Amino acid sequence: MSQTLDGTVRRFSGLLGGNCESHEPWDVLLEQAPGFVVAPTKGAILPYWLLVIPRMPHLNFATSFQEEDKNPVEIVREVAGKFTPSKQWIWFEHGAAILGNDVGCGVDHAHIHLLLSPPFSLEEFRSEVVRASSSEWTHSGSGQVYEQVSGRENYYMFGGLEDAYFTSGHSLGSQFFRKTVASLVGKPQEWDYKRFDGKHNVLKTLDYLAPMNMKAA
């Protein structure tokens with residue numbers, strides 16, 4: 001995708017360019033690779049909540065996968081394996097297909113959310129997603145799930161190490177999976193990263209993961 005994504009310029013340009021002038025904790029790079037970067041998420045409802053952001057300006061990871069032939073789930077596994085010995089992690093993506101729509105949550109650039117060692121299982125997460133959405137979710141192996149969406153229509157996707165689920169072709173509203181997490185941890189009003197920045201959880205993330213990253217480097 002060659003078009004300029006205006007939302008990217010405002011939100012992720014410093015992280016992607018390696019010259020971020022922000023002093024906010026969610027603008028700290030935890031990982032830099034040729035194709036992606038990793039940083040904490042603003043609005044973290046839990047500690048150890050990361051964003052995996054592709055360097056190229058794609059609206060969603062399905063498009064990135066098709067154009068660059070790099071499986072997004074393999075990237076997630078690589079990042080999770082670096083930062084936690086546990087295999088209990090959950091990832092999700094709001095796959096926006098159109099600039100400026102609510103599926104993209106106000107950021108017109110692909111990003112996968114990665115929860116390291118969350119206090120709920122993938123099955124508990126799935127159950128809450130199904131309850132809240134009333135949508136039909138298709139089950140897939142994690143390694144094959146991005147082969148099943150085109151990226152040309154909106155999709156929602158989540159999974160763990162082996163299993164993944166997706167639904168496509170409609171909108172479930174802004175920050176749908178954040179609402180899922182907020183509900184599961186008993187903070188149903190704190191899903192909106194624009195109102196609740198979660199700085200205390202971001203700082204916990206940095207306290208634990210930033211030193212680990214420096215040792216690995």
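# Questions on a predicted model

Biologist: How many of the five residues of strand 2 (residues 36–40) are buried?
Modeller: The model is a predicted one. In it, strand 2 is largely enclosed by the rest of the structure, because the number of its residues that are buried is five of the five.

Biologist: Which residues point one way from strand 2, and which the other way?
Modeller: In a regular strand, side chains alternate between the two faces of the sheet. Strand 2 has Phe-36, Val-38 and Pro-40 pointing one way, and these are buried. Pointing the other way, and also buried, are Val-37 and Ala-39.

Biologist: Which residue is the bridge partner of Gln-32 in strand 2?
Modeller: Strand 1 (residues 31–32) is joined to strand 2 by a hairpin through three residues. The two strands pair in the antiparallel sense over two bridges. Within this pairing, the partner of Gln-32 is Val-37.

Biologist: Which residue in strand 3 stands opposite Val-38?
Modeller: Strand 2 and strand 3 (residues 49–54) run antiparallel and are joined by five bridges. In strand 3, the residue opposite Val-38 is Val-52.

Biologist: Which residue in strand 8 is the bridge partner of Met-157?
Modeller: Strand 7 (155–159) belongs to this discussion through its pairing with strand 8 (residues 163–168). The pairing is antiparallel and extends over five bridges. Across it, the partner of Met-157 is Phe-166.

Biologist: Against which elements do the buried residues of helix 6 pack?
Modeller: Helix 6 (residues 176–184) has buried residues at Phe-176, Phe-177, Arg-178, Thr-180, Val-181 and Ala-182. Just after this helix, Gly-186 takes a positive phi of about 75°. The elements packed against by the buried residues of helix 6 are strand 3, strand 4 (89–95), strand 5 (112–116), helix 5 and strand 7.

Biologist: With which residue does the side chain of Glu-128 form a polar contact of 3.1 Å?
Modeller: Glu-128 lies in helix 5 (residues 122–133). Glu-128 counts as buried because its relative accessible area is 12%, and the cut-off is under 20%. Apart from neighbours within four places in sequence, Glu-128 is in contact with Thr-180, Ser-183 and Leu-184. The side-chain partner in the polar contact is Ser-183.

Biologist: Is Gln-175 buried or exposed?
Modeller: Gln-175 is placed in the loop between strand 8 and helix 6. Its phi is near 60°, a positive value in a residue other than glycine. Because its relative accessible area is 2%, Gln-175 is buried.

Biologist: What is the relative accessibility of Ser-117?
Modeller: Ser-117 is found in the loop between strand 5 and helix 5, and its phi, near 50°, is positive in a residue other than glycine. Ser-117 counts as partly exposed because its relative accessibility is 39%.

Biologist: By what distance are the C-alpha atoms of His-200 and Leu-161 separated?
Modeller: His-200 is in helix 7 (residues 199–216) and, at 49% relative accessibility, counts as partly exposed. The side chain of His-200 is joined to that of Asn-201 by a polar contact of 3.5 Å. His-200 and Leu-161 are 39 residues apart along the chain, and the separation of their C-alpha atoms is 28 Å.

Biologist: Of the residues that line the largest cavity, which are the closest to its centre?
Modeller: There are two cavities of 30 Å³ or more, and the largest has a volume of about 130 Å³. Of the 13 residues that line this cavity, the closest to the centre are Thr-41, Val-107, His-111, Arg-178 and Tyr-193.

Biologist: How do the residues of the lining of the second largest cavity divide?
Modeller: The second largest cavity has a volume of about 30 Å³. Its lining includes Leu-59, Glu-93, His-94 and Gly-104. The lining residues divide into four nonpolar, four polar and one charged.

How values were computed. Residues are numbered from 1 along each chain as its sequence is written. This is a predicted model: local features need pLDDT of at least 70, side-chain atom pairs count only at pLDDT 80 or more; totals for chains, interfaces and linings use all residues. Side-chain values use heavy atoms; hydrogens and water are left out. On a 1 Å grid over the protein atoms alone, a cavity is a set of points where a 1.4 Å probe fits but cannot get out, and a pocket is an open set with protein on both sides within 12 Å along at least five of seven lines; lining residues have an atom within 4 Å of a point. Grid points are joined across faces, edges and corners, and a volume is the space filled by probe spheres set on the points. Ala, Val, Leu, Ile, Met, Phe, Trp, Tyr, Cys and Pro count as nonpolar, Asp, Glu, Lys and Arg as charged, and the others, Gly among them, as polar. Helices (H or I, at least four residues) and strands (E, at least two) are DSSP runs, numbered from the N terminus. Buried means under 20% relative accessible area, exposed over 50%, partly exposed in between (1.4 Å probe, protein chains only). A polar contact is a pair of N or O atoms within 3.5 Å; within protein, one must be able to donate a hydrogen and the other to accept it, and residues adjacent in sequence count only if both atoms are side-chain atoms. Two strands pair if DSSP finds at least two bridges between them. Contact means heavy atoms within 4.5 Å.
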